[in-house]
Structures are given as structure tokens and as C-alpha cells.
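Hi there,

Here is the structure I promised to send over.

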Amino acid sequence: MPNALKHTLFIALPVLVIFAVLPGVYQNHLLLFNFVIFLILAQGVNIIYGFTGYLPFGYVGFFGAGAYGFAVVVMHLHAPGVPAVLAAGVAGVVVGLLLTPLLRLSGAYFAIANLAASLAVLHLIANPALESITRGPYGVSLSATFNPTSAYAAGLVVLALTLGAVVYLKNSRFGLALQAVREDAVSASMAGVNVVRMRVIAWLVSALVAGLAGGVYAWYVSVFYPDNVFSGDFSIFAIVFALFGGVASITGPIVGVIILYGIYNLIGFTTPQYFQLIYGLLIMGLVLFLPAGLVSLATRRGWHVP
Amino acid sequence: MSPESAPILSVSKLVKRFGGFYALDGLSFHVSSGEILGLVGPNGSGKTTAINVISGLYAPDGGEVVLEGASIGGVASHKLVHRGINRTFQVPKPFLSLTVRQNVEVALAYGGAASAPALADLLDEYRLAEVADRPAADLNNAQQKMLDLVRALATRPRLLLLDELAAGLNPAELDWIAERIKTLAQSGIAIIVVEHLMGFIEHITDRVIVLNAGKEIFDGKLAVAVKVPQVIEVFLGGEHAA
């Protein structure tokens with residue numbers, strides 16, 4: 001059986017089936033929905049960071065742009081949910097295109113510039129002068145499309161597409177070339193790889209994924225303010241989850257989200273007073289002792305982790 | 001392999017500046033298919049800069065690089081690879097976290113070679129078969145240099161630039177790689193070798209260009225070069241003003 005099929009059948013499909021079935025047996029649908037969102041975002045970070053080495057500290061910029069892309073077409077064009085989610089994806093890609101010059105930077109410079117860019121998008125959208133278009137800082141209320149069940153289903157579809165993209169990257173020459181670019185851009189060009197094009201494609205796919213997730217999120221919550229959908233927590237969580245599990249793999253970010261976001265909610269429910277402390281210590285421990293993520297526990301022993 | 005045939009590469013009056021420093025200051029030379037040309041000169045004379053300009057890592061600030069009749073100055077590296085130029089690096093640059101096999105697979109897939117060589121044969125010929133499934137980071141320096149070379153060969157170059165491939169190899173490895181390089185030239189590849197080991201250069205090259213301060217000061221056999229006063233001064237630090 002080819003690896004791509006194996007990874008689809010035994011990793012991607014089970015995740016999708018579990019999250020399709022869970023709402024029937026577990027009452028906290030918002031929590032399940034948040035899991036889906038973070039699974040998408042962590043894999044989106046995986047695409048850009050794991051496969052090209054760019055750490056997107058402002059990843060939420062695409063997500064927020066997607067949420068507002070959704071809101072704008074719903075408010076002004078009275079679009080139904082599904083086309084509005086597609087518009088959200090377009091919004092993410094447009095922001096990605098505008099930010100392609102950032103790819104000239106590397107390391108911390110890229111991370112900082114990306115963070116600043118996401119704040120710029122936030123303040124553009126939250127600008128009171130744009131109230132007639134985005135409602136500025138006053139937030140949006142999208143009662144026309146309110147339908148959490150459909151939004152959840154749309155989230156699963158976006159998750160399926162995202163997992164499909166990562167399975168493809170993990171098993172294709174294209175994904176291998178991206179990893180070559182991440183390892184050494186000069187050598188990659190001497191292998192005949194068009195480095196700039198590769199980076200831009202990965203960047204835009206990653207932006208598309210976050211834009212779609214933002215659209216699905218807007219559809220689900222239907223009432224939000226700029227600060228909600230541009231919260232830096234989205235970037236940080238998605239990055240931490242992906243790194244915790246291990247990037248450049250399919251399973252790493254999934255494991256990272258399930259465990260870390262699981263613990264996050266567990267601590268939040270049981271001992272909220274110690275929440276920040278425990279979570280902070282946990283992340284510090286991970287960075288110190290498992291910098292290459294959970295999957296490195298297995299790869300260090302010579303086991304192959306897809 | 002006749003050195004009289006039209007050159008595959010000719011470089012004329014090449015200039016490369018870094019700020020006010022002229023790394024290349026009017027360099028001209030040519031190389032033909034099947035020929036092994038040595039670039040020698042003291043540190044900082046422009047050897048590696050020349051290789052970097054020819055392989056597209058730097059755009060020249062003046063002069064011309066002509067490959068098979070077409071000007072290629074400033075053309076992106078990956079396009080030059082597709083047009084038949086490839087190289088190795090002084091400090092080898094493999095894709096460290098990828099396996100040896102994957103390192104070569106990238107070049108086979110993206111190198112644009114019409115008939116890509118067989119991966120297994122390449123790894124075998126350059127003594128990498130046993131480590132094929134290990135990450136490149138596990139390889140020693142000599143093996144990483146061979147991996148650089150194999151990655152270059154996977155793109156079927158017609159002009160191959162070897163930047164200090166032999167440095168750090170033991171005598172047995174030197175003899176072996178010298179024979180490999182000669183065999184590659186006999187197959188019709190034009191090879192430019194940058195090297196500090198004069199014995200190695202004398203053994204494998206047909207001709208050398210001696211560089212000083214970004215200009216060629218000698219073009220011919222190494223055995224002749226070592227008798228030229230200007231060349232001796234450059235290497236031994238005489239009063240010669242560049």
C-alpha cells in the first residue's frame with residue numbers, strides 16, 4: 001500500500017471520524033469545535049514552519065482576515081455560510097500575497113515582522129473609519145448565517161483538506177523539495193529547486209488554511225470583536241501545539257493538539273487558579289527536554305513516525 | 001575531449017564588488033568540454049567568488065559569463081542547474097535532516113536532467129550506499145563532500161565546479177577522487193577545480209588559471225606557472241602590487 005494511502009486511512013481518516021462522531025456523544029460542542037480549529041491551525045503552522053522553516057508568529061493575521069472575510073460577505077452580500085467560508089479562504093490568501101515580501105527575511109526577523117503584520121491587519125480592520133465595512137472596533141453579529149451544526153461540519157471539511165495537504169507534503173517530491181529548501185536554500189537551488197516559488201506556495205497554502213479556519217470560526221461563533229479573532233493566543237497555541245507534537249510530520253501536530261489542548265482544558269476546569277502556572281511550567285519543560293517534539297521520542301529510537 | 005573545441009564556458013572581464021572591495025576585477029578565462037581547469041591563487045584572490053558568480057549565487061557587477069553561446073550573468077541558480085551547471089561547496093552543504101537517499105532524490109526530481117542517472121549507481125560509485133538511509137547529519141566531512149558531488153551529478157551537469165573537494169581527504173581518498181574526476185572529464189564534462197593542494201591540481205588538471213586580487217595572472221600548465229616570477233611572488237608574498 002502506498003504511504004500516502006496508509007497515512008490517509010490510518011491517521012487522517014480516524015481523526016475526522018472521531019470528530020464527526022463525538023458531537024453525538026459529548027455535550028460540549030464548543031470545546032470539540034475549538035479542537036477542530038486548533039487541529040487545522042496547528043497543521044497550517046506545520047505546513048509553513050515544518051516544511052519551510054518560517055516561524056509564523058503572526059499566523060492569526062490570516063485567521064482574523066478569514067473571519068472578517070466571512071463577516072463582510074455575509075453582511076454586505078448576504079452570502080450563505082459555505083460561499084462565505086470560501087471568501088474567508090480568499091481573504092487569507094490575499095493577506096498572504098501582500099505579505100510575500102516578508103519571506104525575504106529569516107529567523108527571528110521573519111517572526112517579528114509577521115507578528116507586526118498581523119497587528120497591522122487587526123488595526124486596519126478595527127479602524128473606526130471603516131465602520132461601514134467591517135463595523136470597526138464594535139464587532140459583528142452574523143445572525144443570518146448562525147448555524148453551529150453546519151459550521152462544525154464545514155470545520156471538518158477544512159480539517160480534511162488540511163490533513164490531505166499535509167499527507168501530500170509528507171509523501172511527495174514537492175514536500176521533499178520544501179524540506180530541502182528549509183534545510184539549505186542555496187543547496188536546494190543547486191538541486192534545481194526554484195526556492196522562491198516553493199516558499200511562496202507553502203506560505204499561501206498555509207494562509208489559505210488559516211483563512212478558511214477563520215471563516216469557519218466566524219460562522220460558528222457568529223458574534224465577535226476584532227480582538228477575539230486576532231487574539232495572539234491563536235498564533236501561540238497553534239505554534240506550541242505543533243512544536244510539542246513535532247513538525248514536518250502528520251501525527252505530531254495532531255498529538256500536540258489532543259494532549260496540550262486537552263490538558264489546557266482539564267486544568268482550566270479542575271484547578272483554574274493554578275492554570276497559568278501549570279501550563280507555563282509544562283511548556284518550559286517541553287522546550288527544555290523535548291525541543292524536537294514528542295515524535296522525536298520515537299525517531300531517536302530509530303522508529304519512523306509519519 | 002579536445003581542448004581546442006569551442007569553449008562551453010567563457011568568462012570575460014568579470015567584475016564582482018562587495019562594497020568598495022573588488023573580489024573579481026576583470027577576470028577572463030574559458031573552459032572546454034572534457035577539460036579539467038584548475039583555479040589557483042592565494043586566499044582572497046577570488047576563486048570561490050568566481051565559482052559563486054558562475055553558479056548564479058552572485059550576480060556579476062560587470063563583464064560577461066557565456067555558457068554555450070548564451071549570456072548567463074545574473075540568471076538564477078536553479079535555472080543554471082537546468083542548463084547544465086552544477087557545483088560542490090567548500091564547506092559541504094547537504095540537507096542535514098534528510099537521508100542521503102532523499103538528498104539525491106531532490107536533485108533527481110528537480111534537477112531537470114533529461115535522463116537522470118540511477119540513484120543506486122551514484123551512491124555506489126561514491127561510497128555512500130551503506131549510509132543511504134542515514135540522515136546526512138550523521139556523515140563525516142568526506143562523505144558529506146561526496147554527497148554534495150553526487151547531488152550535483154544527479155542533475156547531469158555539463159559544467160561542474162568543484163570548490164576544494166579534496167581538502168581534508170586522506171591520501172588514499174585523494175587518489176581515488178582524482179581518478180573519479182578524470183573519469184567524469186573523459187565522459188565530456190567540463191570541470192573547474194578550486195584547490196589548494198598543488199600536487200592534486202598538477203595531477204588532475206590540463207591547465208590552470210592563477211588568480212591574484214580578482215584577475216588572472218597566468219593561464220597554462222601548472223608546471224610552467226611555478227616558474228613564473230609573478231606567480232611565485234603572489235604565493236610567497238613578494239613586493240608585487242596587484
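How many residues does the contact take from chain B and from chain A? It takes 24 residues from chain B and 16 residues from chain A, where two residues are in contact if their C-beta atoms, placed from the backbone, lie within 7 Å.

Before going further: this is a predicted model, in which local features need pLDDT of at least 70 and side-chain atom pairs count only at pLDDT 80 or more, while totals for chains, interfaces and linings use all residues. Residues are numbered from 1 along each chain as its sequence is written, and chains are lettered from A and ligands numbered from 1 in the order in which they are written.

**Where chain B touches chain A**

The contact takes 24 residues from chain B, and at least two residues each are supplied by helix H2 (77-82), strand S6 (85-87), helix H3 (100-110) and helix H5 (141-153) of chain B. Helices (H or I, at least four residues) and strands (E, at least two) are DSSP runs, numbered from the N terminus. H3(B) gives the largest share, 6 residues. By class, this side of chain B has 11 nonpolar, 9 polar and 4 charged residues (Ala, Val, Leu, Ile, Met, Phe, Trp, Tyr, Cys and Pro count as nonpolar, Asp, Glu, Lys and Arg as charged, and the others, Gly among them, as polar).

**A helix in chain A**

The buried residues of H4(A) include A:Gly81, A:Ala84, A:Val85, A:Ala88 and A:Gly92; buried is when 20 or more other C-beta atoms lie within 10 Å of a residue's own, exposed when 12 or fewer do, and partly exposed in between. The buried residues of H4(A) pack against helix H3 (60-77), helix H5 (107-125), helix H7 (148-171) and helix H10 (195-221) of chain A.

**A residue in chain B**

B:Phe218 sits in strand S10 (residues 215-220) of chain B. B:Phe218 counts as buried because it has 20 C-beta neighbours inside 10 Å. Leaving aside neighbours within four places in sequence, B:Phe218 is in contact with B:Val210, B:Ala225, B:Val228 and B:Val231. B:Val231 is 13 residues from B:Phe218 in sequence and 7.4 Å away in space, C-alpha to C-alpha.

Best wishes
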